[in-house]
Amino acid sequence: MKAEDRFEERNPIEDLLRMDRIPHIWCPGCGIGTVVTSFAEALKKSELDLDKVAVVSGIGCTGRVAGYIKLDSFHTTHGRPVAFATGLKLANPELKVVVFSGDGDLAGIGGNHLIHAARRNMDLVVICVNNFNYAMTGGQVAATTPLEANASTAPYGNFEFPFSLPFLMEAAGATYVARWTALHLRRVTMSIMEALQRKGFSFIEVITPCVTLYARRNRLGDGLNLLRYYYDNSEIHHGADTRLLDISFQGKIVVGKFVEKDKPTFLDAMNQHFTRVLGDDYQLYGRINNDRD
Amino acid sequence: MKKVKADPKGVLTGVHYLDGDYAIAEGALAAGCRFFAGYPITPSTETAERFAARIPKVGGVFIQMEDELGSIAALIGAVWGGKKAMTVTSGPGFSLMQENIGLACMMETPLVIANVQRGGPSTGLPTLTGQQDIMQARWGSHGDYEIIALSPDSPQECFDLTIEAFNLAEIYRVPTFIMTDECVGHMHEKVVIPPAEEIELVERKWYTGPKEEYFPYKLDKDGIPFMVKAGDGYRFHTTGLTHDERGYPVINAECQDWCVRHLCDKIRKNADKIIKLEEDEIDTAEVIVISYGITSRVATRAVQKARQQGIKVGTIRLITVWPFAEKKIRELASKVGAFVVPEINYGQIVYEVERCAGGQAKVIHVPHCGGWVHNPEDIYNAIKEAVK
């Protein structure tokens, strides 16, 4: 056997990537690619019919994920991927719809859609890459920037209280909430797998390094330094009280699976409710989309 | 273009006494719309209420979203999920929707938005009429694009034009607007809903070729790309970024030129096929009244009076407001002395008429800032001035 036959240079998740769009735009040391790898592995392990999985992204660095994933994928507008995904899922309930976007997109400009989708227990998997700043536009302060951290629009440090996303999501009604860092690759994969295999609104926050902007501006070193910070300061605490998950500047990061509970999804609740109140008059809204048949 | 008969499940065949808002909901159901995402806003809410009451018994989804930004985003998602989808709103909500109207244009997503106009700007006159969003319908989202907008003047036409709007949206893969107003929206009249087999619908332009040869924005012979829906195994990509025929972002001037020209030209080059006008006595006219929506009904009174006085008045009712009937007005400009343009705003469509008249014919605007319809006397006076 010749050497070149034995060692084929092939990315193990190549079949899930649009290789004709690689190289991607992310910076060296960025954590988004790591989360994409976890997502791809979770998809493979989940044994879902990948023709029935759709990815919806918004705008920003993480917003570019939809453009690289080789599934039905939608790169939408800033803040609206959750609302877009809501329509997509409701129109075609046999789809597994994954929203893959950043903290600014989901919790900043898109915060209203995020909380309402959680409230409705819309059957969506939301993967939120949190890099603590608006990176695509040059490192501006975000709704997730820790107090005192420096950002290009908070040049003297941030004085606005940030969101704790797991707390927000549990309060809004999410039925699955987890947080990891880009260091916890296998845990991220596992959480995404769990989310893919359940019904209801699942929210997974992944804290990731933004080397070019957040780290540089705050003199935190490179990607490896940030992973070291995650290693030294993250504490796995499954089922932790989500009121206690604030992240301070370079402080402790509590990670784990915080919420997992059963509740009817929007569609299940709709079908149950109308069947009860309308009886035979109700046209059960099913899993199969007949429009094209 | 594949035509099919309406699904009888959504068609409430019979003679009804409905307001315009309800008629829009019935038109949508007859057209096969099975997804509605909306947010309450006066004076359009009745359409959402009617749809919410009817859809569980027809089969489909109504969802009241958290705002209009979300409503239109959900519509686009639903269309890519395979449904026909619509929403209804009024001025302030229409403003919020402008963001993703741009996305719908860019992704070439067929959908229908009804705007039951009220007086503006801002919160303006929530319960009183206006025709002040006509330019916004054309230009409201940023960048260059084209849309189709229809303007019904009665509840019956609200029903008919909603079906027409769905058909046009599917043919050209473009957001299509029903630009009605509070008067027509809240006016009760006889609405005849025909049997399902008499309602002709345009089916989505589904792609049926080999999967590996599918490109979301590869133009077909008629200039319109084929469509697929999520879940059919095409693993396609679409984006709000400037894109090539694969749907992949390409950030340069060449691709922008291809992309934008296509988005505009698919409507501009088909304008003759799209535009519907109601014309009356224009061949002999010395003055032509150009109006749309409720204002054309008010103008009728003024035109009758002027004709009784021996003035040769023709009328054009813009059933299709956008694309604008440019060719027609240019032709007529050299034949008539003047155009009279009443509209319930402080000057919108009149600018189009002036542009097309090109100085060849006088253009007299009859503005009304909203809150009520014109006094026919004002339009009559303008006609008299026109022939002076």
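**Exercise 1.** Determine why Q250(A) is classed as buried, exposed or partly exposed.

*Solution.* The structure is a predicted model, in which local features need pLDDT of at least 70, side-chain atom pairs count only at pLDDT 80 or more, and totals for chains, interfaces and linings use all residues. Residues are numbered from 1 along each chain as its sequence is written, and chains are lettered from A and ligands numbered from 1 in the order in which they are written.
- Criterion: with C-beta atoms placed from the backbone, a residue is buried if 20 or more other C-beta atoms lie within 10 Å of its own, exposed if 12 or fewer, and partly exposed in between.
- Count: Q250(A) has 15 other C-beta atoms within 10 Å, and is therefore partly exposed.
- Location: Q250(A) lies in the loop between strand 9 (234–236) and strand 10 (253–260) of chain A; strands (E, at least two residues) and helices (H or I, at least four) are DSSP runs, numbered from the N terminus.

**Exercise 2.** Describe the contact between chains A and B.

*Solution.*
- Chain B contributes 42 residues and chain A 39, where contact requires C-beta atoms, placed from the backbone, within 7 Å.
- On the side of chain B that touches chain A, helix 3 of chain B gives the largest share, 9 residues.

**Exercise 3.** Identify how strand 2 (residues 72–75) of chain A pairs with strand 12 of chain B.

*Solution.*
- These strands pair in the parallel sense over 3 bridges; pairing requires at least two bridges found by DSSP.
- Within this pairing, F74(A) has T238(B) as its bridge partner in strand 12 of chain B.

Notes. Contact = placed C-beta atoms within 7 Å.
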